[in-house]
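Subject: Structure for your review

Dear colleague,

Please find below the structure I promised to hand over. My findings follow directly after it, and I would be grateful if you read them with the model open.

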Amino acid sequence: MTLDIKDVRAEMPNYENYKDWVRDGEICGIAVHHSATADQATGAPIGDAYAFFNYHVNVRGWSHGGYNYVITGQGQIQYALDERISAYHAGFKDPNNSQGLEYGQYWNNHYLAICLSGWFEHNRTYQDSAGRVQPIPDDYTSPTEAQLQSLLALIQQLRQKYNVPVENVRGHRELAGNSTSCPGVNFDPAELRSQLRALDEAEPPLEPETQPTVNPGEHVLLLPDADKYLEAVLAYVWKFQPDVSFSVDDARGRWKYMTVIGGTDEVSETQLARLRSGGAAIVQRIAGGPQTVQATLDELIAKEERFLVATPEPTPDGNGSEPLPEPEPLPEEEWRTYTVQPGDTLSAVAKQMYGASHLWRIIFEANRDTVSDPGRIYPGQTLKIPPKPEAG
Ligand SMILES: [Zn+2]
């Protein structure tokens with residue numbers, strides 16, 4: 001799907017003064033906001049990137065606006081603040097870093113911000129010119145269909161680019177330290193995540209079912225941004241001895257198996273499609289920043305597997321509820337514990353403990369007494385880790 005994104009970054013106020021800034025840390029999640037702005041007469045979404053950034057910069061005095069993307073009520077996606085720049089969307093006060101979340105900058109540094117124009121609640125009011133509180137009609141109290149479709153498509157694109165697991169797509173109010181109803185009480189982030197999961201299943205990643213047998217000279221590691229990723233791939237190259245090339249466009253048709261390092265900034269989807277159309281059996285992207293790439297490759301090295309292979313999903317039970325791996329009751333002595341580190345998610349912990357992020361729910365179920373929301377674990381928290389379930 002090609003997304004219709006209007007690039008308005010350079011038109012935002014104060015752009016020249018911050019355009020070269022870069023965020024502190026890697027992107028690992030996406031936060032959804034609403035603007036809490038509605039037309040007083042109709043309740044319809046009102047405002048766009050120009051209006052919000054003008055307010056943030058010229059009224060609030062911020063250096064730049066608070067969101068990377070804005071989606072208007074008509075579903076137009078506006079790219080307003082470069083993804084490389086940390087948006088001011090979910091900071092909070094934590095001067096002693098008691099939550100281990102980087103003094104309140106964790107979400108800003110590690111989460112992209114998407115804002116939907118609109119106000120997704122009932123019983124909204126405004127003050128008229130005489131200072132009287134007036135009701136806003138109870139219409140448009142949820143995102144428009146056009147907005148939702150744009151939101152889903154944009155999130156899928158960003159998740160692929162930064163390797164963002166679905167549970168790291170969150171509503172603003174789900175971010176620890178933030179006290180807000182944003183993106184509106186009528187907007188259910190869990191429902192959004194289940195729609196994203198459905199899209200994931202509809203578009204399975206291009207992963208082989210089994211590891212192929214690779215002869216010398218058949219496999220290349222494509223490294224278009226060597227400065228950024230060389231360190232991250234060294235152990236993998238040492239282990240599997242693929243050829244290494246820095247030129248993506250010359251690789252077409254020359255190797256049977258290709259591992260491509262980097263996100264869509266490094267190698268576009270069009271370039272990947274070109275490689276695939278050149279007769280390669282596997283063209284596999286390892287996405288994410290250097291730390292994420294290295295973690296993925298380390299996992300492959302540990303398993304002695306050259307490629308990521310498709311993990312068969314459990315079949316849905318037909319009534320729409322999510323399939324759960326059923327953990328067997330096992331002797332307590334085989335259990336381990338894990339202390340949550342800053343930036344951890346349940347899926348990251350599952351990846352670390354089991355080598356498979358999709359097993360996060362086993363950890364969640366085992367810790368129901370202390371974890372009520374799988375999106376909320378805290379640095380320093382101790383998790384009980386059941387033994388890894390047997391395959392099948
Ligand atoms: Zn918000």
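Ala36 is located in the loop between E2 and helix H2 (49-59). In this predicted model, the residue has a positive phi of about 55 degrees, although Ala36 is not a glycine. Its relative accessibility is 34%, and Ala36 therefore counts as partly exposed. Asn123 also has a positive phi, near 55 degrees, and is likewise a residue other than glycine. Asn123 belongs to the loop between strand E5 (111-116) and strand E6 (125-127), and with a relative accessible area of 65% Asn123 is exposed. As background, most residues other than glycine have a negative phi, and most peptide bonds are trans. A cis peptide bond runs from Cys182 to Pro183, with omega near 5 degrees. Pro183 sits in the loop between E8 and H5.

Cys182 leads on to the metal site. The zinc ion is coordinated by the ND1 atoms of His33 and His172 and by the SG atom of Cys182, at 2.0 to 2.3 Å. Along the chain, the donors of the zinc ion follow the spacing H-x138-H-x9-C. His33 lies in strand E2 (residues 29-34), whereas His172 lies in the loop between strand E8 (169-171) and helix H5 (189-202), so the pair ties together parts that are 139 residues apart in sequence. Both histidines are buried: His33 has a relative accessible area of 2%, and His172 has a relative accessibility of 11%.

Turning to charged side chains, the structure holds 18 salt bridges. One of them joins Asp7 and Arg9, with an N to O distance of 2.6 Å. Asp7 is partly exposed at a relative accessible area of 40%, and Arg9 counts as partly exposed at 21%. These two residues also belong to a network of salt bridges that links Asp7, Arg9, Asp82 and Arg84.

A salt bridge is also formed by Lys19 and Asp20, whose closest N and O atoms are 3.7 Å apart. Here Lys19 counts as partly exposed, at 24% relative accessibility, while Asp20 counts as exposed, at 61%.

Glu266 and Lys228 meet through their side chains in a further salt bridge, at 3.1 Å from N to O. Glu266 is in the loop between strand E11 (257-261) and helix H7 (269-276), and Lys228 is in helix H6 (residues 226-240), so this pair ties together parts that are 38 residues apart in sequence. Glu266 is buried, with a relative accessible area of 17%, whereas Lys228 counts as partly exposed at 38% relative accessibility.

Finally, I would draw your attention to a pair of helices. The axes of helix H4 (residues 145-162) and H5 come within 11 Å and cross at roughly 65 degrees, and the crossing of H4 past H5 is right-handed. On the H4 side, the residues involved are Leu151, Leu152, Ile155, Gln156 and Arg159, and they meet Leu192, Gln195, Leu196, Leu199 and Asp200 in H5. Sorted by class, this contact of H4 with H5 has six nonpolar, two polar and two charged residues.

With kind regards

Note on methods: Residues are numbered from 1 along each chain as its sequence is written. This is a predicted model: local features need pLDDT of at least 70, side-chain atom pairs count only at pLDDT 80 or more; totals for chains, interfaces and linings use all residues. Side-chain values use heavy atoms; hydrogens and water are left out. Donors are N, O and S atoms within 2.8 Å of the metal (3.2 Å for Na, K and Ca); water is not among the atoms, so sites may look incomplete. Helices (H or I, at least four residues) and strands (E, at least two) are DSSP runs, numbered from the N terminus. Buried means under 20% relative accessible area, exposed over 50%, partly exposed in between (1.4 Å probe, protein chains only). A salt bridge is a side-chain nitrogen of Lys or Arg within 4 Å of a carboxyl oxygen of Asp or Glu. Axes are lines fitted to C-alpha atoms, for helices over the stretch in contact, and angles run from 0 to 180 degrees between N-to-C directions. A crossing is left-handed if the near helix is turned anticlockwise from the far one by less than a right angle, and right-handed if clockwise. Contact means heavy atoms within 4.5 Å. Ala, Val, Leu, Ile, Met, Phe, Trp, Tyr, Cys and Pro count as nonpolar, Asp, Glu, Lys and Arg as charged, and the others, Gly among them, as polar.
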